[in-house]
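Subject: The structure I promised you

Hi there,

Here is the structure I said I would pass on, with the sequence alongside. Please open both and keep them in view as you read my notes.

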Amino acid sequence: MIALNSDCMTMVRRCLLTFKPFRIFVAGIGFFSLCFLMTSLGGQFSAKRLGDSPFTIRTEVLGGLESRGVLRKISDMLEIILKRIDALAKLSNTSESHRLEELSSALDRFQPVGLVERIQAIAQNVSNMAVRVEQILRHTLLVISAGRDGMAGHCEVPKDPGYPDCASKVDWMRARWTSDPCYAFYGVDGSDCSFLVYLSEVEWFCPPLGWRNHSSQPTVSSTPKKQAVVRSDLGPLLEQVGSGKESLSFMRRRMRRLAMQWAVAARRLDERLRSRQRQQKRVLVHVGFLTEESGDVFSPKVLKGGPLGEMVQWADILTALHVLGHNLKISVSVKELQGFLGVPPGRGSCPLRGPLPFDLIYTDYHGLQQMKQHMGLSLRKHKCHIRVIDTFGTEPAYNHEEYATLHGYRTNWGYWNLNCRQYMTMFPHTPDNSFMGFVAEEMNQTERLNIQREKVNNMAVVYGKEANMWKLQGKDKFLTILHRYMDIHGTVYYEAQRPPEVPAFVRNHGLLPQHELQQLLRKAKLFVGFGFPYEGPAPLEAIANGCIFLQPKFHPPRSSLNNEFFRGKPMSREVSSQHPYAEQYIGRPQVITVDYNNSEEVEAVIREVLKAKVEPFLPYEYTCEGMLERVNAYIQHQDFCHLDGHFPSANDSKLWPGNPPSPFVLLPNSTVVVWAPNVTAPACWPPLSALRLLLAREAFSCVKTCQDSGLVCEPAFFTFINNMEAFNGLDVQCEALEAEMNHVFPAVAVERRECFLQKEPLLFSCAGVSTKHRRLCPCRDYLPGQVALCRDCL
């Protein structure tokens, strides 16, 4: 008896554990449910037009109650299944073991292979269909209204010359509307009526339909504008950033460390801006390179000496936007991006569900690609709101997709057809882009005095956290010379079992936390660059801590044409040293650029360093206050959705001086042309009062031409000098005048005396160079220590 009960319970457990009766029963019920659902709702899931199938229930007459009745039937079936399962489970508590044995034997004979997988597939299909049904239910009234107006689901494609693409778009929808679930989300159901509604109300390829009740369409209420209030508390920002990955933790640590510095800058800025109205902007910051979809290659390297410059800049951008008082949202995943933007479900073929919920979007090239993938047509509509954080810069010839493709400027980056001032760089590389920057730690007077007392005169720290930076060609000889005069320290990352391959005379501290690195730099006299990494933040931090920065000069200059690192980057800029900004804007005594292959020159420079006394120095534009000032000016004045004023019309020329009349006048005893002070200037930013118009020499860019005159090229002014009046103002004799797409125009051909205007505004370029042309260059002045802003820009 005991043995019999034991066998019975074993069989019961085996039956219940494997769920064989449940599998057969669910298979039958699942198959019946699937057939019922397909025959009842087949017309709604078919790519064919309504009425093609005899089993189709027309959506013109199908109301919400009938459709929901179908879902209730499915729900009732599932309840029956659960009751049968409960009944089977109760069999284990009865003594009718022979019934269980017979049931198990019968089920064993009919057990099909892979039944669980089939049931799971059926369940998934039913789940997917339920989602589609819910989408259709939301838009059933759309077709009902068409039927009540006598359309009966049949709509003719309008022939309106104002919408020439309507017919072709309808044909495309007929063939491909099932290619992306977003079309069904917007109410497309396979009928021509739904195609026309979508193409006229969601997209813009067809005219509005007369039988639609447009007054009932939802309207977006404009939210009242708020004034931005300067903040000094970073607590809310730190909570938003979070610490889900090491890169975010690094950014939070940086924000905390500089919190007092930001608070002092916020108070100073608040005192200066109290009399000015500043509108609070809705800002989305999407850090694309930190998303899992882009690989997030930076986070694993944070603790291993990897590149941190980008994260330094992003941390400071977030802090500046928060301190300036703007409404900030932060995204570091594609899912967050989709949620913030209101992206419809699907593959990105459809535009957004409503207007863009942000005034500004800061992202990078990775994020821009992700936005293109998920915003669909809306990216083209809203791209004027985007600001791209671009470390090395993007020049106009690489930015214009058609021009770049035709003339060999196409690279892996660029070609987005943005206004190039929408690209924002870490350093003021090229004036074609906007200079965003970052901040370095400032010293108060007491700290500056302590630094000077603690300096070790013969101590040098090498710029290079990765061992491969020490292996660059020719560095052994240089290090040997340096070691004769100074003690050399390094901060190279290494694992315990694998020490880095650096010379034995180098004292390596390993990778240091930021505050410990600051202490090391405060003691060191010299900070040595090996030529890589290019244009990072560390040299400015070293100079701010009282170090002299020694860097190599490049012969020839490095660029995308001759250097693997720069190859593929959307620029032709030539880099003459490891850190061109430090060389050009700071210079001696804080920055010394030397040919490392010239041993005599290297020794002479090292002896000069030992005798020099240098105080800590930090350019104003890399202080917190300088960055806040710059970012605030961009936010309040840069508007790429509404272009600046255009050159005055011919009617205004009657008031211009000169013969022929021109708004441009030559400064006394100079070759510089300015906007005449007695001529009303069009509204723009920077203001035209800052314009200084120059004629470049052959093979000179406007960047170089303006620099040689102590000025900066200003691309915003190109639209005002792209005319015959500018040539006349510079006394250029034009025997012919033409307009073409070329990134060096406006310019004059030297040999033929033929003048050229720019036909494509996106190709206005400060960087362009031509050996056959002399360029018209719009330059401007700039504030001391703040090259991004002119004297009248604030």
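Let's start at Arg774. Leaving aside its neighbours within four places in sequence, Arg774 is in contact with Leu695, Ala696, Arg697, Glu698, Ala747, Val748 and Val750, where contact means heavy atoms within 4.5 Å. Arg774 sits in strand 21, residues 773-780. Helices (H or I, at least four residues) and strands (E, at least two) are DSSP runs, numbered from the N terminus. The C-alpha atoms of Arg774 and Ala699 are separated by 7.6 Å, although the two are 75 residues apart along the chain. With a relative accessible area of 29%, Arg774 is partly exposed. For that scale, buried means under 20% relative accessible area, exposed means over 50%, and partly exposed is in between (1.4 Å probe, protein chains only).

Before going further, a word on how to read all this. This is a predicted model, in which local features need pLDDT of at least 70 and side-chain atom pairs count only at pLDDT 80 or more, while totals for chains, interfaces and linings use all residues. Residues are numbered from 1 along each chain as its sequence is written, and side-chain values use heavy atoms, with hydrogens and water left out.

Now the whole protein. The secondary structure comes to 28 helices and 21 strands. Of the 794 residues, 51% are buried. Among contacts between residues at least 6 apart in sequence, 71% join residues at least 24 apart.

Lys455 and Cys547 are 92 residues apart in sequence, and their C-alpha atoms are 9.0 Å apart. You will find Lys455 in the loop between helix 19 (445-454) and strand 7 (459-463). Beyond four places in sequence, its contacts are Leu521, Arg522, Lys523, Ala524, Asn545, Gly546 and Cys547.

Next, the inside. A nonpolar core is a set of buried Ala, Val, Leu, Ile, Met, Phe, Trp, Tyr and Cys residues joined through side-chain atoms within 4.5 Å. Which residues touch the most other members of the largest core? They are Trp262 and Tyr362, out of 121 residues in that core. Helix 13 provides the largest share of this core, with 9 residues. A second, separate core has 26 residues, including Leu479, Leu526, Val528 and Val605.

Not counting residues up to four places away in sequence, Tyr362 touches Val283, Leu284, Val285, His286, Trp314, Leu321, Arg387, Ile389, Met424, Met436 and Ile635. Trp262, for its part, is one of the buried residues of helix 12, along with Gln261, Ala263, Ala265, Ala266, Leu269 and Leu273. What covers these buried residues includes helix 13 (309-323) and helix 25 (624-637). Helix 12 (residues 259-273) has 15 residues and reaches 21 Å from its first C-alpha to its last, close to the 21 Å expected at 1.5 Å a residue; the expected span is 1.5 Å times one less than the number of residues.

Most residues other than glycine have a negative phi, and most peptide bonds are trans. Here are the exceptions I would look at:

- Arg588 and Pro589 are joined by a cis peptide bond, with omega about 5°. Pro589 is in the loop between helix 23 (580-586) and strand 13 (591-594).
- The bond from Phe745 to Pro746 is cis as well, with omega near 10°. Pro746 is in the loop between strand 18 (736-740) and strand 19 (747-749).
- Asn417, not a glycine, has a positive phi of about 55°. Asn417 lies in the loop between helix 18 (401-407) and strand 5 (423-425), and counts as partly exposed at 23% relative accessibility.
- Glu535 has a positive phi near 50°, and this residue is not a glycine either. Glu535 lies in the loop between strand 10 (526-529) and helix 22 (538-544), and counts as buried at 4% relative accessibility.

Best wishes
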